[in-house]
Amino acid sequence: MRILFDQGVPVPLRAYLPTHSIETTYEKGWSNLDDGELLNRSQDALFDLFLTTDQNLQFEQNLSNRAIAVVILSTTSWPRIRLAIDAVKVAIDTAPGGQFTLVNIPRR
């Protein structure tokens with residue numbers, strides 16, 4: 001699966017997803033794009049999944065005409081995400097295209 005990490009997604013998470021092909025918005029030169037254009041480019045570049053920490057994205061964008069899946073992490077905190085890595089992996093592996101999946105990362 002091809003995954004695009006948005007700004008705010010901790011890059012160390014990449015090491016926990018070895019079976020996936022992962023790039024970041026920074027690596028693609030897309031850091032300054034607005035959300036709609038970012039989703040358009042992601043889909044055009046054949047990414048299967050967009051991983052973000054932008055919880056407002058689900059209220060600002062409509063995925064009904066898109067094939068890309070979007071997984072939203074509820075925090076940018078790497079220590080908290082690392083403790084919930086199994087839930088993050090399940091969400092990534094089961095996220096349906098054209099829909100948002102929110103992963104609530106518990107506070108410690």
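**Notes on the predicted model: sheet, helices and cores**

1. Let's start with Thr25, which lies in helix H1 (residues 25-28). This is a predicted model, so keep that in mind throughout. Thr25 counts as buried because its relative accessibility is 0%, and the cut-off for buried is under 20%. Leaving aside residues up to four places away in sequence, Thr25 touches Leu4, Phe5, Asp6, Gln7, Trp30, Ser31, Leu38 and Phe50.

2. Now the sheet. Five strands form an open sheet in the order S2-S1-S3-S4-S5, with parallel pairing. Strand S2 (21-24) and strand S5 (100-103) are the edge strands, each pairing on one side only. On average, neighbouring strands here are turned by 20° against each other, direction ignored.

3. S1 and S3 run parallel over three bridges, with Leu4 opposite Phe50 in S3. S3 and S4 pair in the parallel sense over four bridges, and here Phe50 stands opposite Val70 in S4. Strand S4 (residues 69-73) then pairs with S5, again in the parallel sense, over four bridges; Val70 sits opposite Phe100 in S5.

4. Two helices to look at next. Helix H2 (residues 35-44) packs on the sheet and touches strand S1 (2-5), strand S3 (49-52) and S4. The direction of H2 makes about 145° with that of S3. Helix H5 (residues 85-94) also packs on the sheet, with contacts to S1, S3, S4 and S5, and its direction makes about 175° with that of S5.

5. On to the cores. The largest nonpolar core has 21 residues, and those with the most contacts inside it are Phe5, Leu13, Leu49, Leu51, Val71, Leu73 and Val88. At least two residues each come from S1, S3, S4, helix H4 (78-83) and H5. H5 supplies the largest share, four residues.

6. Not counting residues up to four places away in sequence, Leu51 touches Ile3, Leu4, Phe5, Asp6, Val9, Leu13, Val71, Leu73 and Ile92.

7. There is also a second, separate core of eleven residues, including Phe47, Leu57, Leu63 and Val70. That last one, Val70, is the residue standing opposite Phe100 in S5.

Methods:
Residues numbered from 1 in each chain as written. Predicted model: local features only at pLDDT ≥ 70, side-chain atom pairs only at ≥ 80, totals over all residues. Heavy atoms only, no water. Pairing = 2+ DSSP bridges. Axes fitted to C-alpha atoms, helices over the stretch in contact; angles between N-to-C directions. Contact = heavy atoms within 4.5 Å. Core = buried A, V, L, I, M, F, W, Y, C linked by side-chain atoms within 4.5 Å. Buried < 20%, exposed > 50% of the residue type's maximum accessible area, 1.4 Å probe, protein only.
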